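Student: I am new to this structure. Please show me how to read it, one feature at a time.

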Amino acid sequence: MRLATPFFLLAVFLRSLSAAECISISEVHDHLGEDQCVIGKVVHIKHGSGGVTLLEFCQDSMVCPFTVVTFHHDLRNVGDMNELQGRVIEVHGLLKEYDGRAEIVLQRTGQLTGDAARIPPLPKNFDVEYKGHFSAGKFSLPKPAYKTSKKRQTTKLPVNIPEDTGSEAETPR
């Protein structure tokens, strides 16, 4: 048990050293394919089609060498990313190349360290399809389990019986 304590402290110390060695966004192309920590200031947040959220680190996103992308199905695990605008963040993950730029796919809050790791969770009624707009829903009455219909009734017509004018009972004998 005593041996576990020094190894644990060594692991914590090495982890803190690796967190301190974050690279800037200008160095990301030298480290493609590596699991890295990238540090930068989020200039603006872009909500794309299909619920994709992009953290942009440059004013002109077309010439920026790095971006952080979060897909709609991961937003519940990450939290309210709008809180990150204007903040310096450290993001950990695999550096991939997409469309000529380096990117890290942000899938959970644990990939963010420092001040950025404390972003609030998404509200329970958050709807990705409305790109962050919240909806309380629509109220409708419950539908019956089966369709009820009235029993079809036959029409009742008045019965007109014509009188016999030439019958044998009326002739005299």
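**Reading the strands, the pocket and the core**

Tutor: Start with strand E8, residues 101–105: it is mostly covered, with five of its five residues buried. Buried means under 20% relative accessible area, exposed means over 50%, and partly exposed is in between (1.4 Å probe, protein chains only). Strands (E, at least two residues) and helices (H or I, at least four) are DSSP runs, numbered from the N terminus.

Student: What should I know about the model itself?

Tutor: This is a predicted model: local features need pLDDT of at least 70, side-chain atom pairs count only at pLDDT 80 or more, and totals for chains, interfaces and linings use all residues. Residues are numbered from 1 along each chain as its sequence is written, and side-chain values use heavy atoms, with hydrogens and water left out.

Student: How many helices and strands are in the protein chain?

Tutor: The protein chain has two helices and nine strands. From the N terminus on, their order is α-β-β-β-β-β-α-β-β-β-β. Of its 173 residues, 29% count as buried.

Student: Back to E8. Which residues are on each side of the strand?

Tutor: Arg 101, Glu 103 and Val 105 are on one side. Ala 102 and Ile 104 are on the other. Both faces are covered.

Student: How do I read strand pairing?

Tutor: Strands of a sheet pair through backbone hydrogen bonds, either parallel or antiparallel. Here, two strands pair if DSSP finds at least two bridges between them. E5 (residues 66–70) and E8 run parallel, joined by four bridges. Thr 67 stands opposite Glu 103 in that pair. E7 (residues 96–98) pairs with E8 in the antiparallel sense, over three bridges. There, Tyr 98 stands opposite Arg 101.

Student: What lies between E7 and E8 in their hairpin?

Tutor: Two residues lie between the strands. In this hairpin, Asp 99 takes a positive phi near 55°.

Student: In which order do the strands of the open sheet run?

Tutor: Its four strands form the order E1-E2-E6-E9, with mixed pairing. E1 (23–24) and E9 (112–113) are the edge strands, each pairing on one side only. E2 (residues 35–41) and E6 run antiparallel, with seven bridges. Gly 40 stands opposite Ile 89 in E6. E6 (residues 88–94) also runs antiparallel to E9, with two bridges. In that pair, Glu 90 faces Thr 113 as its opposite residue.

Student: How do I read a pocket?

Tutor: The search uses a 1 Å grid over the protein atoms alone. A pocket is an open set of points with protein on both sides within 12 Å along at least five of seven lines, and lining residues have an atom within 4 Å of a point. A volume is the space filled by probe spheres set on the points, which are joined across faces, edges and corners. The largest pocket has a volume of about 320 Å³. It has 13 lining residues, and the closest to its centre are Leu 54, Thr 67, Tyr 98, Asp 99 and Arg 101. E4 (53–56), E5 and E8 each give two or more residues to the lining.

Student: Is Arg 101 buried or exposed?

Tutor: Arg 101 is buried, with a relative accessible area of 19%. Contact means heavy atoms within 4.5 Å. Leaving aside neighbours within four places in sequence, the contacts of Arg 101 include Glu 56, Cys 64, Thr 67 and Lys 96.

Student: And how do I read a core?

Tutor: In soluble globular proteins, nonpolar side chains tend to be buried together. A nonpolar core is a set of buried Ala, Val, Leu, Ile, Met, Phe, Trp, Tyr and Cys residues joined through side-chain atoms within 4.5 Å. The largest one here has 24 residues. Val 38, Leu 55, Phe 57, Phe 66, Val 91 and Leu 95 have the most contacts inside it. E5, helix H2 (75–78), E6 and E8 each give two or more residues to this core.

Student: Where does Leu 95 lie?

Tutor: Leu 95 lies in the loop between E6 and E7. It is buried, with a relative accessible area of 2%. Leu 95 and Asp 35 are 60 residues apart in sequence, yet 6.3 Å apart in space, C-alpha to C-alpha. Beyond its neighbours within four places in sequence, Leu 95 is in contact with residues including Val 38, Phe 66, Ala 102 and Ile 104.

Conventions. 1 Å grid on protein atoms, 1.4 Å probe; cavity = no way out; pocket = protein on both sides within 12 Å on 5 of 7 lines; lining within 4 Å.
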